[in-house]
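Okay, thanks everyone, I'll keep this short. Let me put the structure up and then walk you through a few spots.

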Amino acid sequence: MKNYSKNFKKRDEIFTFQNLLKCYYQCRKRKRYTIDAAKFELSFEKELLKLEKELKNHTYYPSQSICFVITEPKPREVFAANFKDRVVHHLLVNYLEPIWEPKFIDQSYSCRREKGVHKAIKDLKRYIRKVSRNFQEKAYFLQLDVQSFFPSLKKEILFNLIKRHTKNPDILWLSKIIIFQDPTQNYHKKGQLNLFKTIPPHKSLFKVPKDQGLPIGNLTSQFFANVYLNELDQFVKHQLKVKFYLRYVDDLVLLHQDKEQLKKWRGQIDKFLQERLKLRIHPQKQNLQSIDKGVNFLGYIVKPDYSLVRRRVVKNLKRKLWNFNWQEHLPQKEEIRQMMATVNSYYGQFRHANSFGLRQKLWRKNFGKLKKYLIPVDINLSYFHLKKKDTLLKSILPEHKIDFLKAERI
């Protein structure tokens, strides 16, 4: 990523049309077919010029958010930013990321280049081998979860962390606007409204004090989470000197040969979180076990000599396959494509575990009608692609109608 923060010299060089255009293209990669993105694209040059003026004049303020509830892996309240605001989020993160990336530890894996879930699992397996001296000695892991992290994060502490390493007045102004914005003051609810009742009060921005909490789902929130918990990372690595430590958002794993040492670190981490970051370790989400029991981390059960996919992940895929197979209408092209993308995403995750038998069993017993449209790319069931046009038509249409149909290639 281009180091924007080192290239700006004049005050107006940050909020330029050229920089906004780059951010617009970044944002459009994944959100191009949403309604907000389509409206913005109709006159994107005009919209970007308007946005440039608002930013330079410091009259910019975030637009209305869309609020909805997701249910996987558990109910969560999401505030989705307007497309215009997503462009601004990219602009801010593009500037801040080169400043903060060298400060982050290698064992922070969320929302960072060349990191992510699979890198975290790979490193966890390597740490298990090292701490157990190639499985020859007894070793333990301690898994901790920060209680209600996003709703509990203190905005003033976060802004002071940004201010400590950033002196540019424009960036400080924009950071303050985004951090202290209260999305509950300007939003539109969408989806199944009854799901909002499933959100516990301490996990809802509608219920927490106005000086705390960040909305789940925004690029800036993901980046700010790493900034905030970098304080914890530095404490764990440089003061506690924990050798084997990993963090993915608010999920922490520590490994050591001495069980009592892990207990001591747990108390020190909880104290640090309370005193410095005004957070707490979740009292019910603490796990201190032998590594032989398996570390339940990021959708996998990681054991010394093999790893498995969590039952909950498999159950979610089975449910989606069942919903597809039992729908009454004939699936449309886009439905088939979306289902293929979903299946390939799950199978991509499965490949990082010892799961060949699981992949075979799912294909044999749960794909059902979906087998008419998809075919494995290899005997290992690595992923799937759409069947060829003629094969697909024969699977969904009566024989006498095929000759008369002129269809697009799916």
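So, before anything else: what you're looking at is a predicted model. Let me start with Glu-334, which is partly exposed because its relative accessibility comes to 45%. Its partner is Arg-337, and the two side chains meet in a salt bridge, 3.8 Å from N to O. Arg-337 is partly exposed too, at 34% relative accessibility.

Okay, back to salt bridges. How many does the structure hold? The count is 13. One of them pairs Lys-56 with Glu-52, with the closest N and O atoms 2.9 Å apart. Both residues lie in helix 4, which covers residues 44–57, and they're four residues apart, about one turn. As a reminder, an α-helix has 3.6 residues a turn, so residues three or four places apart point the same way. Is Glu-52 buried or exposed? Glu-52 counts as buried, because its relative accessibility is 12% and the cut-off for buried is under 20%. Lys-56, on the other hand, is partly exposed, with a relative accessible area of 29%.

Arg-276 forms a salt bridge with Glu-231, and the closest N and O atoms are 3.7 Å apart. Arg-276 is in helix 11, residues 259–277, and Glu-231 is in helix 10, residues 219–239, so this pair ties together parts that are 45 residues apart in sequence. As for accessibility, Glu-231 is buried at 13%, while Arg-276 is partly exposed at 47%. There's also a network of salt bridges, and that one links Lys-119, Asp-123 and Arg-126.

Let's go to charges on the surface. Which residues gather in the patch of positive charge? They are Lys-318, Lys-361, Arg-364 and Lys-365. Helix 14, residues 356–365, gives the most to that patch, with three residues. Take Lys-365, which has its place in helix 14. Lys-365 counts as exposed, because its relative accessibility is 59%.

Next up, backbone angles. Cys-111 is one to click on: its phi is positive, about 55°, and it is not a glycine. You'll find Cys-111 in the loop between helix 5, residues 83–100, and helix 6, residues 117–131. With a relative accessible area of 41%, Cys-111 is partly exposed. Asn-134 has a positive phi as well, near 60°. Asn-134 lies in the loop between helix 6 and strand 3, which is 140–146. Asn-134 counts as exposed, because its relative accessibility is 52% and exposed means over 50%.

Last topic: sequence distance versus distance in space. Leu-153 and Tyr-228 are 75 residues apart in sequence, but C-alpha to C-alpha they're 8.1 Å apart. Leu-153 is in the loop between helix 7, 149–152, and helix 8, 155–165. Is Leu-153 buried or exposed? Leu-153 is buried, with a relative accessible area of 0%.

For another pair, take Lys-241 and Ser-65. Those two are 176 residues apart in sequence and 42 Å apart in space, again C-alpha to C-alpha. Lys-241 is in a loop as well, the one between helix 10 and strand 5, which is 244–248. At 62% relative accessibility, Lys-241 counts as exposed.

That's my tour, so let's open it up for discussion.

Note on methods. Residues numbered from 1 in each chain as written. Predicted model: local features only at pLDDT ≥ 70, side-chain atom pairs only at ≥ 80, totals over all residues. Heavy atoms only, no water. Patch = residues over 30% accessible without salt bridge, like charges linked within 9 Å, V, L, I, M, F, W, Y side chains within 5 Å. Areas by Shrake-Rupley, 256 points an atom, 1.4 Å probe, with all protein chains shown as cover. Salt bridge = Lys/Arg side-chain N within 4 Å of Asp/Glu carboxyl O. Lys, Arg positive; Asp, Glu negative; His and termini not counted. Charge placed at Lys NZ, Arg CZ, Asp CG, Glu CD. Helix = DSSP H or I, 4+ residues; strand = E, 2+ residues; numbered from the N terminus. Buried < 20%, exposed > 50% of the residue type's maximum accessible area, 1.4 Å probe, protein only.
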